[in-house]
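Subject: Structure for you to look at

Hello,

Here is the structure I said I would pass on. Please open it first and keep it beside you while you read the notes below.

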Amino acid sequence: MQPSFVRLVFLPVAALIWALMPMAADAAVPAKVSAEMAAQKGCLSCHEGVERFTDGPMIEQIEAMGADLGDPGGCVVCHGGTPGGQTAEQAHAGAPKDLAESDGPHMFFPDPGSIFVGERTCGQCHPGYAGRLMKSLMNTEAGKLQGNLWSWGVQQDQKVVWGNYTQEDEDGIEPAVGTEAYKKYMTAFATAHPDQMPTEMTQIPAVDVNQIPKHPNLAGITYSRQQCQRCHVGVSGREKRGDFRGTGCSSCHVPYSNDGLYEGGDPTINKEQPGHILIHRMQATRKSKVAHNGIEYSGIPTETCNTCHNRGKRIGVSYQGIMEFPYGSPYDAKGSKQPKLHTKNYVFIKDDLHHQTQSRDGNPQGGLLCQDCHTSIDMHGDGNLFGTTLAQVEIECEDCHGTVTKFPWDLPLGHGEEHDQIVDQTPRGLTDELPDFMAFATNYDPQDGYLLTARGNPFGNVVKRGKKVILHSATGLDFEIPVLKQLGIDDAWKSPNAMVAMSAVGKHMETMECYACHADWAPQCYGCHITVNYAEGKTDVDWIKTANARQANGLSADYPLGTNGLKSEGKVSETRSYLRWETPILGINGEGRVSPLMPGCQVITTVIDKDGNTIVENEIWMTPEGKGLDHAAVQPHTAGRQARDCESCHNNPKTLGYGIEDGRFMQGYEKDIVVELETHLGQTIPKQYKVQSPAIPKLDHDLSQIVSRDGEQLVTVGSHWPLTSPLPAAMRAKMERTGLCMGCHQNMLDKDIWARVNSPAFVNNEQHRAVMDKAIHSYARERQ
């Protein structure tokens, strides 16, 4: 055996080796190999041709360890099994005696990335990672559950109590990892926000269908379990195009194409059956290169993240610039519509400027990956239980870009996520040290120092170099980050609009998220129409039931291809009212800052009980804040260099929360809409007719409207944080400049005045602005 030091340093890659989907029955697997071959080659007796999982000294050490166990390929180091076995059954039956007595795996693990065996596989060298990931949002999905059940009227407060699994934070609220500054910050944060930072959570119970006639809103639990909870890392991906993935660590660190087809050299894997890895290589940081199809890349591609981040806030697909839409156009050369991706069709809107792979002149420039901004804690957690995204994510835009008056290192910890609290204004500074939990990543020269997140951990890939800030992307590219204060010093602003918006109007930077203006668009899926039908024995996959029915090898019931998991009673159907993408509504997010809003869980529900009785039809449930037609604060991940123009906020009733064009459309849905032969008084003439659009009794306003002109809040805005709300009435009144054109043009009725100021020729926008500028200067002189 190799020394324990070598195991500690080099084993983590082995923790993901051969994270393959099950072998297909018709794959070319030899029925039996000779004892001599099994002893000589170990696992490679059958799998010869499979790609080395990575390169360099790491895999060499793994292979050396494997050789001591009778497996020169090193597979057994992580997968366990019996490399001397002559048949698949023997090889996959258990662990050799030496390994069973070591600290390694004690059985065969088809996917050692599973977090449920992670401490025995990945955890041999990454101790604590599996445990932290177990408690992170990527596994508990606690925020989804709280948000859904709020909109369904099941939960009446913002306290997070439910998760995919029953868990307890045994070691208290101080994080298990992070700098001392981070641990101090997060301990105070958890103390201040106990509802959003729970110390325990309980697996959301299954629905007793006998209770549905009395409590039809409990169907919201069925909806969550069948539709919303499939994206956590405790299960494998749904068997649909774009959703194929591994489980646990393998969810991100093993590449799957959208079609789920294997293109590597392992002869045992069926290359025609969807659901397999693309190739047997690890994708991670810059140092882990993946070569395939004549292309070499490093880092985790955005599309890997999007096996999950295509629903809910849809930030992954939005980052790529695409939004779901119903049509499937344009047609391909054979006259067919788009292939479904994540079970949807998409239309390209505009990708986030950080994602864009071409410069404005069309030349290749390379884009950023999700992991270039999002930290290890954003993804793996810190050992605490989190109830919402804002609780777990530790980064803010200003961490890298700063503000117009302060460099990033001059900002205090907590800037950008004040939560209405007073922030200690001590500058956060820089650091040249990385905490222990970051040691396994690609390490870069700190130069003048690593920048810090809003909570005090270093960005291991973002450094200060003189007056520049450099981001080292996992792709292998390096980017200079625009620093706002430095742009001002260098007089490098490209537009006076930027200086006015960010410098002259100080309230913008003080009270708004950067993306309140810089988000180009946001997907807006208005109205989530849901039918939950328990009649006639209808069932569908229950992802929580599936996740909690695990085998000893750590794999859930959906792992074998073709199974899709275990089912529960009831079946969900869903559709929407309408889609938009432009000019998102603005509101207040959980941090107390102005932020874009998007439709959240805007549930309009029909529930049919097991006997076929319709218990409720098109019901909108009530929350403590109003109708459960939620609008949720969001970071859309659609940033653009050119911000929203002033008019899109100050002259737009929709942005202010009053609805598209002041909510004057989409009226009348509280009554049946009949389209038939009718009299001038609206009387339906035929005796036999069909209702074209059934009534939604409580929907007496446009779904894009969140407040009325007299200040009444019509719907709930956010469910997780007490500060989330529509824009306050005073702010709306101060912002709104709708109708300003008439400030000048009302004088067109006075022909004498208008003749003296009007030009007989056409006046373009630039000339209009010049006239208004002259009027301002004239008014200023009058007031001297």
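**Strand S17 and its partners**

S20 covers residues 626-633, and the two strands run antiparallel, joined by four bridges. Please keep in mind that this is a predicted model.

S17 itself spans residues 594-608 and is mostly covered, with 13 of its 15 residues buried. Several other strands pair with S17, and I take them one by one.

- S12 (residues 524-533) runs parallel to S17, and six bridges join them. Here valine 532 stands opposite valine 607 in S17.
- S16 (residues 586-588) pairs with S17 in the antiparallel sense over three bridges. Glycine 587 has serine 595 in S17 as its bridge partner.
- S18 (residues 614-619) is also antiparallel to S17, again with three bridges. In this pair, threonine 605 stands opposite glutamate 619 in S18.

Two of these pairs are hairpins. S16 and S17 have five residues between them, and glycine 592 in that turn has a positive phi of about 90°. Five residues also lie between S17 and S18, where the turn holds glycine 612, with a positive phi of about 85°.

In what order do the strands of the open three-stranded sheet stand? The order is S1-S3-S2, and the pairing is mixed. S1 (162-163) and S2 (167-168) are at the edges with a single partner strand each, so one side of each has no neighbour in the sheet. S2 and S3 (residues 200-203) run antiparallel and are joined by two bridges. Glutamine 167 has methionine 201 in S3 as its bridge partner.

**A covered helix**

Helix H10 runs from residue 142 to 151, and nine of its ten residues are buried. Among them are Ala142, Leu145, Leu149 and Trp150, as well as Gln146 and Asn148. After H10 comes glycine 153, which has a positive phi near 75°.

Is glutamine 705 buried or exposed? The cut-off for buried is under 20% relative accessible area. Glutamine 705 has 10% relative accessibility, so this residue counts as buried. Glutamine 705 sits in the loop between helix H26 (653-656) and strand S21 (715-717). Leaving aside neighbours within four places in sequence, glutamine 705 has contacts that include Gly657, Tyr658, Gly659 and Val715.

**The chain as a whole**

The protein chain has 30 helices and 22 strands. What radius of gyration would a compact globule of 784 residues have? The value would be near 28 Å, and the protein chain has 29 Å, which agrees. The C-alpha atoms fill a box of roughly 105 × 80 × 55 Å along the principal axes.

Buried residues make up 52% of the 784 in the protein chain. Of the contacts between residues at least 6 apart in sequence, 67% join residues at least 24 apart. The protein chain exposes about 35,800 Å², and carbon and sulfur atoms supply 55% of that area.

As for charge, the protein chain has 71 positive and 95 negative side chains. The centres of these two sets lie 4 Å apart.

Regards

How values were computed. Residues numbered from 1 in each chain as written. Predicted model: local features only at pLDDT ≥ 70, side-chain atom pairs only at ≥ 80, totals over all residues. Heavy atoms only, no water. Rg over C-alpha atoms; globule rule 2.2 N^0.38 Å. Buried < 20%, exposed > 50% of the residue type's maximum accessible area, 1.4 Å probe, protein only. Contact = heavy atoms within 4.5 Å. Areas by Shrake-Rupley, 256 points an atom, 1.4 Å probe, with all protein chains shown as cover. Lys, Arg positive; Asp, Glu negative; His and termini not counted. Charge placed at Lys NZ, Arg CZ, Asp CG, Glu CD. Pairing = 2+ DSSP bridges.
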